[in-house]
Amino acid sequence: RICDPSFSVAPSTGELYGTICDGVPTVIGFARIVKEAPDSETPQPVDTPAPIQHSLPSGLDLIGWVKTGPFEDPTDFLLKSGPDAFVTDNPVYLHYTGEPEAELQTFIFEQRKLQSVESVLFADDFLYREYYLLRLQCTLTLVCEQNEKSVCENAFRLRKQLGSGSVAFTVPATPGVLLSDYAVTGIDKEESVEMLYAMATAPKEEQDDGFGVAGARVKVKKQAVGNRPLTAYRVIDFGLLVKKSKDELDEKLRREACNVTIDRRNDDQTVKVPFQVDCLSMVHRTKKLDKCFDNMVESVDCSLGLIEAALLEQLRHQKRLYVSKCYHMLPRELGHFVTCVYPLGEEVTETDSFLERQRANMHKQFLLKMSRPYFRKGNAYQFKASKLLVNPHETLAVPHPDGRTALVDGVYTYHHYMQDNFNDNGWGCAYRSLQKLGYSSGTIPTHNDIQACLVRVGDKQRPFIGSRQWIGSTEVSICLNELLGIDARIMFVMHGSELASRGLELLQHFQQEGTPIMIGGGVLAHTILGVSMTAELEDTKFLILDPHYTGADELGPVLAKGWCGWKGADFWDRNAHYNLCMPIRPKRL
C-alpha cells in the first residue's frame with residue numbers, strides 16, 4: 001500500500017506501527033496522516049497526526065515514519081518528531097520516491113544518523129504464527145451528564161480507576177490463572193504466552209497433576225505446530241475483575257448491556273450509559289506472562305479512549321448518548337485488526353452521515369478502496385468458531401502461481417446437502433449455492449425463505465413453497481436482489497466446452513467484484529470461487545465448491561475428496577447449457 005499510486009502520487013507522510021522483539025523492529029501496519037479541510041481560520045490544509053492508535057490492538061506501537069516523494073534528509077523531521085513519540089530509540093524510516101521502477105528504501109535512525117538496512121517482507125501466516133491475540137470482554141457503565149465536559153471527566157475517572165491497580169485478569173479456559181499488577185498465579189510468571197495458549201486449549205482430561213487433584217497447577221506440553229499453515233490469529237480470552245467501591249456512582253461490571261438510564265430528578269439529567277468493552281492486545285509468542293498485565297491494562301485504556309471519542313461524536317451529531325459496542329474488523333489488505341465503536345442496535349443506522357464520514361476517514365488513513373464496506377458492523381470479525389466450514393479453500397495451492405489468478409474476496413460458509421438436519425439430497429444444490437452467495441450480514445435464508453421469496457415476487461405459484469423443485473441461476477439472482485438488495489449479472493454459455501474461453505471474463509469478475517459465482521447447468525449447480533490461468537492463457541482452472549457433499553463439516557474430507565478444489569475444463573459437461581449468476585458487490589462505505 002505504501003507504493004500504491006494513491007499514496008505516492010504526491011508527497012505524503014504516514015506513521016508506522018509494529019513491535020520490537022529482541023531489538024528487531026517488525027512493521028505490521030501504517031496509517032497515512034490526512035490533511036484537515038481548511039476552515040475560515042486556517043486558509044491552508046495542515047498535517048495533523050492520524051488519531052488511529054487507539055483503534056489498533058495494544059502492543060502495536062508507533063515505531064517510525066514513512067514518506068513519499070523526492071528524497072530529503074529526514075534527520076530534522078525525526079528529531080522533531082521524537083524521541084517521546086516512539087517506543088524505541090532507533091525508529092524505522094521508510095521512503096518511496098514514486099518514480100518508475102523505484103524500490104522502497106528502509107532505514108534505521110540510530111545515534112542521530114540515518115543508516116540504510118535490509119528488510120524482509122512476510123506474509124500473513126508469519127503474523128498468525130508469531131503473534132497471539134489477548135482478548136478481553138466485559139460491560140462497564142459510565143455515569144455522567146449529557147454534555148462533553150462531564151463525559152470527558154467521568155471517562156478519565158473510569159480509566160484512572162482501572163489503571164490504579166484495582167483490576168486483575170482471569171483466563172476462563174484455565175480457572176486457576178490470574179494476572180494482577182503484583183503477581184501471576186496458576187502458572188509460572190516466566191512462562192510465555194504460547195504456553196498459556198497451550199493450557200487454555202488443552203483437552204480437559206489432560207489438565208491434571210497426575211493424582212487427580214482438582215485445582216493443581218497444569219503441566220502441558222507445548223503444542224507442536226503442524227505443517228499446514230495457520231489461517232487466523234490464535235486468541236486467548238480474558239475476563240476482568242474490578243475491586244469493589246462503596247461509591248454508588250462508581251462503575252460496576254455488567255453481564256449484559258441495557259438501555260441508557262436517565263435520572264430526571266436533577267436538571268443536568270445524569271445518565272448511566274452501559275457500553276460493551278471488547279479490547280485486543282497483540283503480543284509475540286515469547287512474551288512472558290508477568291509482562292502481559294501492562295499490555296492488558298493498556299488495551300482497556302485504549303478501548304475506553306475509543307469509546308469516549310465515540311460518545312463525544314454522538315453528543316455532537318445526535319445530541320444524546322447511546323449504548324455502544326466495540327466491533328473488530330480485519331481487512332484482508334491490512335493483516336491487523338482495527339476496532340470501531342458504534343451504537344448498539346438500530347437506533348442509529350450505518351447510513352447516518354457522521355458514521356459514514358468516520359468510515360471514510362478510516363479508509364483514507366489506511367489507503368483502502370472507498371467502494372468496499374470494510375468497517376461496517378456486518379463485517380465485524382467472528383471470533384467464535386462456526387459450526388460450518390469457513391473459507392475452506394484458503395489452504396489450497398494455486399495451480400498456476402506464475403500465471404494470473406483471482407479468488408473470492410471475503411468470508412463465506414460452506415453450505416451443502418443434508419445440513420441443518422434438512423434432507424435436500426438430489427434437488428437443493430442451487431439453494432445451497434445461494435446460501436454461499438449471500439455471504440453478507442444477516443441471517444442465511446432457508447429453503448423455505450427462498451421459495452417464499454420467489455412466490456412473493458410472482459416468479460412462482462404458492463404450491464412451490466414446501467416443494468422439492470429445483471431453482472436455477474435466474475431464481476438465485478432474484479432472491480439476491482429481493483432478500484439482500486444485491487444485483488447480479490447473468491452470463492449464458494451455450495456449451496460447457498466454452499467455459500475455458502470465458503476465463504478472462506471470470507478473472508475480471510473476481511478482480512473487480514470478488515464475489516462467488518453460482519453456475520447451473522443440466523441438473524447440477526456449483527459455486528465458482530476463483531480462476532487460475534497460465535501466463536500464456538493456454539490453460540484455465542476453476543476453484544469449485546461443490547454443494548453435493550453429504551458428509552460431516554470437517555475440512556479434511558472436504559479437501560481430500562475434492563469437494564472444494566481446483567478443476568479443469570473437463571469438469572463441465574461439454575454439451576450442457578450453463579447460466580452463471582455473478583453478484584455485483586454493492587459500492588458503499
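Author: Helices here are DSSP runs of H or I with at least four residues, strands are E runs of at least two, and both are numbered from the N terminus. The model is predicted: local features need pLDDT of at least 70, side-chain atom pairs count only at pLDDT 80 or more, and totals for chains, interfaces and linings use all residues. Residues are numbered from 1 along each chain as its sequence is written, and side-chain values use heavy atoms, leaving out hydrogens and water.

Start with α11, residues 503–512. Its buried residues are Gly503, Leu506, Leu507, His509 and Phe510. Buried means under 20% relative accessible area, with a 1.4 Å probe and protein chains only. Down the axis of α11, these residues fall within an arc of 155°, so they line one face of the helix. The arc is taken from the directions between the helix axis and the C-beta atoms. An α-helix has 3.6 residues a turn, so residues three or four places apart point the same way.

What covers that buried face? The cover includes strands β16 (404–407), β17 (488–493), β18 (517–521), β19 (524–533), β20 (540–545) and β22 (578–583). Contact means heavy atoms within 4.5 Å. Just after α11, Gly514 has a positive phi of about 70°.

Now the cavities. On a 1 Å grid over the protein atoms alone, a cavity is a set of points where a 1.4 Å probe fits but cannot get out; lining residues have an atom within 4 Å of a point. Grid points are joined across faces, edges and corners, and a volume is the space filled by probe spheres set on the points. Three cavities reach 30 Å³ or more.

β13 (270–284) and α6 (292–318) are the elements giving two or more residues. α6 gives the most, four residues. Domain 1 (5–121) and domain 2 (129–201 + 231–244 + 268–379) both contribute to the lining, so this cavity lies between them. Those bounds come from an automatic or database domain assignment.

The second largest cavity holds about 60 Å³. Leu142, Ala155, Leu158, Phe275, Leu304, Ile307, Glu308 and Leu311 line it. The largest share, four residues, comes from α6.

How values were computed
Buried < 20%, exposed > 50% of the residue type's maximum accessible area, 1.4 Å probe, protein only. 1 Å grid on protein atoms, 1.4 Å probe; cavity = no way out; pocket = protein on both sides within 12 Å on 5 of 7 lines; lining within 4 Å.
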